Structures are given as structure tokens and as C-alpha cells.
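Subject: Structure handover

Hi,

Here is the structure I promised to pass on to you. Please open it alongside this message, and I will walk you through what I found.

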Amino acid sequence: MPSRLAAISRWCSRLEVAAAFLALTPIILFFITSLKRLHSPVPLEQLEGPMLLAAIRVAHHLPIYVRPNFSFIPYMYAPVYYYVSGWAVRLLGPSFLPLRLISLLSTCASLAVIYVLVLFDTRGTKTRRHLAALFGAALYAAAYPWTREWFDLGRLDALYVLLLLLALLCTRRLHPILAALAWTLAFLAKQTIFPVALVMLCYDWKRPRRVLVGLGSFLLMMGISVRLLDHATHGWFWFYAFTVPHANSDLLLRPAVFFIPSEMLAPFGITLLVIALAWSRARPDIRSSTTRFYLLAGISTFALCWFLQAHGGATANTPMPVYAVLAIVFGISFGRLDASLARDSCRERARILLLAAACIPLVCWIYNPHDQVPHRDLIASREKLSAWLRTFPGDVFLPSNPYLAVAAGKSSHPDSAALHDALRPNDPQIRQPLLAAIRAEIDQEQFDAIVLDDVPASALAGQSWLPSDLQSHYPVVGLVPGSNVGDPFAPHPVYFLLPCREQALAISKGWTLVQHGGQLPCSP
């Protein structure tokens with residue numbers, strides 16, 4: 001019998017080594033994929049281009065929070081990412097590289113913070129604590145494909161998650177004033193974190209002095225920053241950070257109902273089972289500050305992500321904060337359950353099952369990095385599109401892809417998402433001048449072409465800010481050269497609208513035009 005137990009123990013030790021290598025798989029895959037995507041010249045997501053245009057504004061010392069106009073409208077985000085990306089663009093040049101590098105480094109740092117938090121709050125031998133920490137970090141890396149590869153995009157979310165994790169680390173381990181500073185930075189990255197910050201700064205309510213210092217410092221720092229930003233931008237920071245989100249607060253039943261099964265159980269059902277087993281087998285002391293901390297962190301980030309996912313416009317990036325906290329709780333739960341089973345030499349078989357179960361969510365979403373990188377046909381198509389845009393001597397408007405116009409040397413215009421958000425508050429002093437400026441551009445046929453990513457009837461139906469008689473000014477409809485290449489990353493320009501003066505150019509270039517009744521819309 002002892003020899004049998006020794007054999008099982010040896011198998012368990014070997015399995016631990018194998019499990020550690022398996023846990024490295026999602027981390028290595030993430031690094032390989034991100035490095036392959038880092039230098040891609042095409043947007044990896046629809047809003048990457050506008051975020052780069054905003055960073056270029058910062059690099060040229062231009063303001064971000066300005067009155068909505070037909071040259072530039074920012075998104076409803078707080079300023080941290082705008083300015084960090086702007087400084088990176090000044091240092092590395094105006095390309096997607098600086099923005100994606102920020103996200104890549106932020107995600108790497110997030111993996112490190114998750115590792116450290118799990119290591120701090122896991123008991124057991126040194127080897128098992130490090131294995132639990134590795135499992136926690138690996139679980140977050142495994143969420144990369146589930147978020148549609150959002151961890152390395154030129155968007156703010158990776159930096160935001162890092163600041164959230166640093167705020168949790170400071171709250172758990174450092175002075176409350178430092179925690180308040182970290183939460184203020186997270187708030188200035190994404191203002192929706194505010195309720196989570198309030199909850200977490202109050203987690204240690206048995207030490208009221210610490211709570212008052214942390215909460216008071218956070219509210220003071222946050223209030224001062226908002227006031228200074230609002231004063232410096234003549235009130236436009238408040239408009240974009242608070243008025244616009246409030247106006248875009250439509251709640252949808254379907255995403256709210258399906259958030260748990262589609263965003264939590266589908267990718268991490270086994271993970272949640274391991275956490276539940278740890279809770280039942282190695283029940284934590286609910287009165288301890290550690291248990292309260294992670295319980296409140298999990299509940300508050302889940303509630304926040306569920307609430308945001310229920311809003312129109314929510315995308316795959318929304319659950320990233322709760323995935324990060326889930327990874328920490330998973331690592332700690334695995335460590336507790338593993339330590340509990342290790343105390344009983346007869347439970348080695350159960351430990352083997354635990355290791356196998358913990359590895360399943362780490363490897364079940366294996367992917368080929370090559371599939372996440374823009375292929376040569378797409379890059380060639382974008383180059384062909386840029387050359388095509390340059391054939392027009394005047395301005396060109398791409399409502400869904402304004403960056404492509406700027407890359408071809410044309411004027412900058414806001415994209416349809418920014419225009420939609422800015423007009424939702426329905427403030428006449430903002431809405432009327434902006435719509436009048438758009439109307440004037442269309443009536444005077446200032447654009448040599450308008451380029452859409454869908455058939456005109458469908459694309460224009462969702463753009464209520466465009467004049468209803470747009471096609472009377474731009475009656476010539478055709479297919480963008482090279483538009484037959486599929487683009488899984490962002491909307492791809494497919495159709496163009498031209499004024500009658502450009503019809504002869506289209507015919508001379510041999511572009512494919514849509515005819516009605518066998519005739520072109522403009523007489524020669």
C-alpha cells in the first residue's frame with residue numbers, strides 16, 4: 001500500500017510539471033499572436049483608426065475634448081489612454097505600433113499583477129503557490145480569443161484592466177492613500193469603474209480609519225481631477241465623460257439575460273466549478289479580510305460588467321475586468337483546494353483530477369496565431385484602396401473608416417459611432433450646428449466620394465445624421481476596387497457614392513458602376 005501511494009505521488013508530481021507547461025500555452029500563444037499583429041498596417045478593429053487619430057492630435061498638442069464638429073469628435077472616454085497613446089505616438093511615430101504596444105505591455109503587466117496577487121494570498125508549499133499563481137495568470141491569457149483578441153488592440157481596455165488590477169493590489173497591500181491614487185487613475189482611464197472603487201475602498205470596514213482615509217482621498221482626488229479637466233476643456237470633458245454616456249444608456253434585455261451563460265459559463269464553466277469546489281471543500285472564513293476582499297471584488301466587477309453588457313453598443317471587451325478578477329479568484333481557489341487535498345495522502349487521486357480540471361479551461365480555446373493576423377490579400381486590398389482614394393483630387397468621406405481617408409492624405413472627419421454618440425444628448429446648441437455643417441458639406445457636394453461598407457440603402461438607413469436627400473447629390477453608385485476581399489477585423493469599404501461631376505472619371509477608370517434600368521444616373 002505505501003508503495004502504491006508513493007507511485008501515485010510521483011505521478012502527481014509529474015502531472016504538476018506537465019500542468020505548469022500547459023498553463024504556459026495560452027500565455028505563449030498570446031505573445032506570439034500579439035507580436036505578429038503589432039506591426040500590421042491595417043486596423044484590427046473598427047475604432048483603432050479613430051483612436052490613432054486622437055493620439056495624433058495629442059502628439060500635435062491639440063485638445064481632445066472640444067465642441068462636436070465635422071472635423072473631430074472624441075469617444076466618451078476619460079483622458080488617460082488618449083494622453084498615454086499621444087505621448088507614445090510622439091516617441092514612436094504615427095502608426096498603430098505605439099497604441100498596440102501600450103496594450104501589449106499592459107496585458108503583460110496585468111498577467112504579472114494577477115500572478116503576484118494569487119501568490120500573496122495562497123497558502124501551501126512554494127511550488128504549489130507558484131503553480132496556483134501561474135494558473136491564475138494563464139486563465140486570463142486564455143480569455144484572449146474569447147474577447148475577440150482585444151488584449152493587444154490599439155484601444156484603452158488593456159491599460160484600463162491593468163490600472164484596475166494595480167488598484168486592487170494597492171487596496172489589498174498598500175497604504176489607503178496609494179490605493180485611492182490608483183483608483184483615481186483607473187477612473188481617469190474609464191469612468192465606469194467608479195462604483196467598484198467605492199465598494200473596494202470600503203471592503204475593510206472593520207478598520208474604519210483606513211476606510212475613511214482611502215475613501216475620502218479617492219473622492220477628493222477624483223473631484224479635483226474632474227473639476228480641473230472640466231475647467232481646462234471649458235465644460236466639454238463633462239459632456240463626453242458623463243452627459244454622452246448617460247444619453248446612450250439604453251438597456252437591452254437579451255444581452256442582460258444571456259450574459260451569464262454566454263460570457264461566463266460557456267468559456268469558464270469548469271473554472272467556476274473549481275471555485276465552487278474550493279468553497280465547499282476548503283471553505284474560507286467569511287469574516288477574514290482576504291475573503292471579503294475577493295468576494296467584493298468578484299461581485300462588484302461582475303455586476304458592473306453585466307450592467308454594461310446590457311447596454312446597446314457593448315462588445316467583447318466589456319467582460320475583461322471580471323475575467324481578470326475571475327483569474328485571481330481561480331488561482332487562489334485552486335491553491336486552497338490543492339493544499340487541502342495535499343494534507344491527506346489518500347487524496348492524491350483527487351489532486352490528479354483537480355490538476356486535469358484546472359488545465360481544461362487553459363487549453364480548450366487553443367488557436368492558430370496565423371488566423372488572427374491580417375493576411376496579405378487584405379493588406380494589398382487596403383493599399384489598393386488607399387491608392388484609389390488618392391485618385392480623387394478633393395475630399396473623401398468614409399463614415400465607418402475615417403482613418404483610411406486620412407492615411408490617403410484626405411481631411412479628417414469623425415466616424416459614425418462618435419457622431420451617433422455626440423448627437424444622442426439631443427442638445428439643440430450642439431445638434432443643430434453640427435447637422436447644419438454636415439448638410440452644407442453634402443449640399444455643396446464638397447466630397448468627391450462617399451465610401452460605405454454596405455449597400456447604400458442599408459448603410460445610410462442607420463446614419464440618421466446624414467441628410468435624407470444625400471443620394472440626390474451623390475447619385476452615382478459603384479463598387480470600390482478590391483472590395484471583394486474579406487475583412488474579419490473591421491468594416492471594409494465596399495460601395496462608393498459619387499456626384500455627377502465624377503461619373504466621367506469613374507467611367508474612364510473602368511470602375512464598376514451600378515446601373516438602374518440599364519442607364520447611368522447622370523446624363524453625359
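Let's begin in the sheet, where I450 stands opposite L497 in β4. Before going further, please keep in mind that this is a predicted model.

**The sheet**

G478 sits opposite F496 of β4, and L479 has Y495 of β4 as its bridge partner.

Taken as a whole, the sheet is open and has four strands, in the order β1-β2-β4-β3, with mixed pairing. The edge positions belong to β1 (395–397) and β3 (476–479); each has a single partner strand, so one side of each lacks a neighbour in the sheet. From one strand to the next, the twist averages 25°.

What happens above and below β4? Both of its faces are covered. Y495 and L497 are buried on one side, and F496 and L498 are buried on the other.

**Helices α17 and α18**

Next, please look at helix α17 (residues 416–423) and helix α18 (residues 428–443). Their axes are 10 Å apart, and the helices pack at an angle of about 145°. From α17, the residues L419, A422 and L423 take part, and they meet I430, R431, L434, L435 and I438 of α18. Sorted by class, this contact has seven nonpolar residues, no polar ones and one charged one.

How much of α17 is covered? Six of its eight residues are buried, which leaves the helix mostly covered. The buried ones are S416, A418, L419, D421, A422 and L423. The cover over them includes α18 as well as α10 (236–247).

Apart from neighbours within four places in sequence, S416 is in contact with Q46, P399, S400, Q463 and W465.

**Aromatic rings**

There are 33 aromatic pairs in the structure. One of them is formed by Y144 and F151: the ring centres are 5.7 Å apart and the planes are at 50°, so this pair is tilted.

A second pair, F268 with Y323, is edge-to-face, at 5.1 Å centre to centre and with 75° between the planes. This pair links distant parts of the chain: F268 is in helix α11 (residues 253–281) and Y323 is in helix α13 (residues 320–342), 55 residues apart. F268 and Y323 are both buried.

Ring pairs also build a cluster, which links Y65, Y82, F187, F194, F218, W236, F237, W238, F239, Y240 and F242. If you colour these residues in your viewer, you can trace the cluster by eye.

R172 lies over the face of F293, at 5.7 Å from the ring centre. R254 lies over the face of F258, at 4.8 Å from the ring centre.

Finally, where is T192? This residue is found in the loop between α7 (176–189) and α8 (194–201). If residues up to four places away in sequence are not counted, T192 touches Y160, L304 and L308. The C-alpha atoms of T192 and A324 are separated by 16 Å, and these two residues are 132 residues apart along the chain.

Best wishes

Conventions. Residues numbered from 1 in each chain as written. Predicted model: local features only at pLDDT ≥ 70, side-chain atom pairs only at ≥ 80, totals over all residues. Heavy atoms only, no water. Pairing = 2+ DSSP bridges. Helix = DSSP H or I, 4+ residues; strand = E, 2+ residues; numbered from the N terminus. Axes fitted to C-alpha atoms, helices over the stretch in contact; angles between N-to-C directions. Contact = heavy atoms within 4.5 Å. Nonpolar A, V, L, I, M, F, W, Y, C, P; charged D, E, K, R; others polar. Phe/Tyr/Trp six-rings, centres within 6.5 Å; stacked < 30°, edge-to-face > 60°. Buried < 20%, exposed > 50% of the residue type's maximum accessible area, 1.4 Å probe, protein only. Lys NZ or Arg CZ within 6 Å of the ring centre and 35° of its normal.
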